[in-house]
Amino acid sequence: MTDAERHRVLDPREDAAALKALTHPLPIRLLGMLRMDGPATASELAVRTGESSASTSYHLRVLAKYAFIAEAEHRDGRERRWKAVHEVTSWSNAAMTGSDEAQAFVDVARRAQLDHLERSLVRHQEDVTAGRLGDEWREASGFTDVVARLTPEALTELSETFSRAVTELAARDEGDPCAEQVVLFTAGLAVRPEDHS
């Protein structure tokens, strides 16, 4: 699979309708679930999210309309199964500042990522506690927060280096029976020191 096939870059000029449709957190969560756990039906996703089948079905059709998901192979002819088309969706923050719909999407997507982080932490802790993950994952998994003084160019370089390293390591570990699905989050947010005067 080429990078273009696994990575979708949103453009607010070309994807304005899709961005407007994605200003609700549920379709973003459904897309993430299909990426993380594989193909599913609207009913299966409804059970996992606590939403109604009608709601998940509606949002899955919206995701399909804008080519984020596609029909997957069916187990039987009764209900559609859906799969994610791309592994990653990204955008240019600078390009997204030009429209209210695009900025609303970015805000919802960032909140969805924070929710995903919280759910992933709970899931990780449950998997370790239940013995579904070995003790070696206790040491390897975790959080870190670092405050560094960087230029915008250095932060961009750091992000690109991280992305490249993840791609290379995932390719190396593909097929290794010791490998597990790992949820990775990065954030690089410039903040001004608080004025305490």
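Let me start where helix H3 meets helix H5 in this predicted model, because that contact brings together Leu-26, Pro-27, Leu-30, Leu-31 and Leu-34 from H3 with Ser-55, Thr-56, His-59, Leu-60 and Leu-63 from H5. If we sort these residues by class, the contact of H3 with H5 holds seven nonpolar residues and three polar ones, and no charged residue takes part. The helices themselves cover residues 25–37 in the case of H3, and the two pack with their axes 9 Å apart, at an angle of about 80 degrees. Angles from 65 to 115 degrees count as roughly perpendicular, and H3 and H5 are therefore described as roughly perpendicular to each other.

Now please keep H3 in view and turn to its contact with H4. Here the axes of H3 and H4 come within 11 Å and cross at roughly 105 degrees, and that makes H3 roughly perpendicular to H4 as well as to H5. On the H3 side, the residues that meet H4 are Leu-26, Arg-29, Leu-30, Met-33, Leu-34 and Asp-37, while on the H4 side they are Leu-45, Arg-48 and Thr-49. By class, this contact of H3 with H4 has five nonpolar residues, one polar residue and three charged residues.

The remaining pair is H4 with H5, where H4 runs over residues 42–49 and H5 over residues 53–65. Their axes come within 8 Å and cross at roughly 120 degrees, and H4 passes H5 in a right-handed crossing. Which residues of H4 meet H5? They are Ala-42, Ser-43, Leu-45, Ala-46 and Thr-49, and their counterparts in H5 are Ser-53, Thr-56, Ser-57 and Leu-60. This contact of H4 with H5 divides into four nonpolar and five polar residues, with no charged ones.

Let me move on to the strands. Strand S1, which covers residues 7–10, has Arg-8 and Leu-10 on its covered face, whereas His-7 and Val-9 lie on the uncovered one. S1 pairs with strand S5, residues 88–91, in the parallel sense over four bridges, and if you look for Arg-8 in that pairing, you will find that its bridge partner in S5 is Thr-89.

There is also an open sheet of three strands, in the order S2-S4-S3, and its pairing is antiparallel. Which strands stand at the edges of this sheet? They are S2, residues 40–41, and S3, residues 69–71, and each has a single partner strand, so one side of each is left without a neighbour in the sheet. S3 and S4, the latter covering residues 81–84, pair in the antiparallel sense over three bridges, and within that pairing the bridge partner of Ala-70 is Lys-83 in S4.

Next, I would like to go through a few residues in the loops. Glu-73 has its place in the loop between S3 and S4. Is Glu-73 buried or exposed? With a relative accessibility of 73%, Glu-73 counts as exposed. In sequence, Glu-73 and His-196 are 123 residues apart, and in space, going from C-alpha to C-alpha, they are 59 Å apart.

Arg-13 is found in the loop between S1 and helix H2, residues 16–21, and at 71% relative accessibility Arg-13 also counts as exposed. Arg-13 and Met-96 are 83 residues apart in sequence, yet their C-alpha atoms are 9.3 Å apart in space.

With 41% relative accessibility, Ala-67 counts as partly exposed.

Finally, let me step back to the protein as a whole. It has nine helices and five strands, and the C-alpha trace spans about 65 × 45 × 40 Å along its principal axes. Of the 197 residues in the protein, 25% are buried. If we take the contacts with a separation of 6 or more, residues 24 or more positions apart account for 59% of them.

Terms used: Residues are numbered from 1 along each chain as its sequence is written. This is a predicted model: local features need pLDDT of at least 70, side-chain atom pairs count only at pLDDT 80 or more; totals for chains, interfaces and linings use all residues. Side-chain values use heavy atoms; hydrogens and water are left out. Axes are lines fitted to C-alpha atoms, for helices over the stretch in contact, and angles run from 0 to 180 degrees between N-to-C directions. A crossing is left-handed if the near helix is turned anticlockwise from the far one by less than a right angle, and right-handed if clockwise. Contact means heavy atoms within 4.5 Å. Ala, Val, Leu, Ile, Met, Phe, Trp, Tyr, Cys and Pro count as nonpolar, Asp, Glu, Lys and Arg as charged, and the others, Gly among them, as polar. Buried means under 20% relative accessible area, exposed over 50%, partly exposed in between (1.4 Å probe, protein chains only). Two strands pair if DSSP finds at least two bridges between them. Angles under 35 degrees count as roughly parallel, over 145 as roughly antiparallel, 65 to 115 as roughly perpendicular and the rest as oblique.
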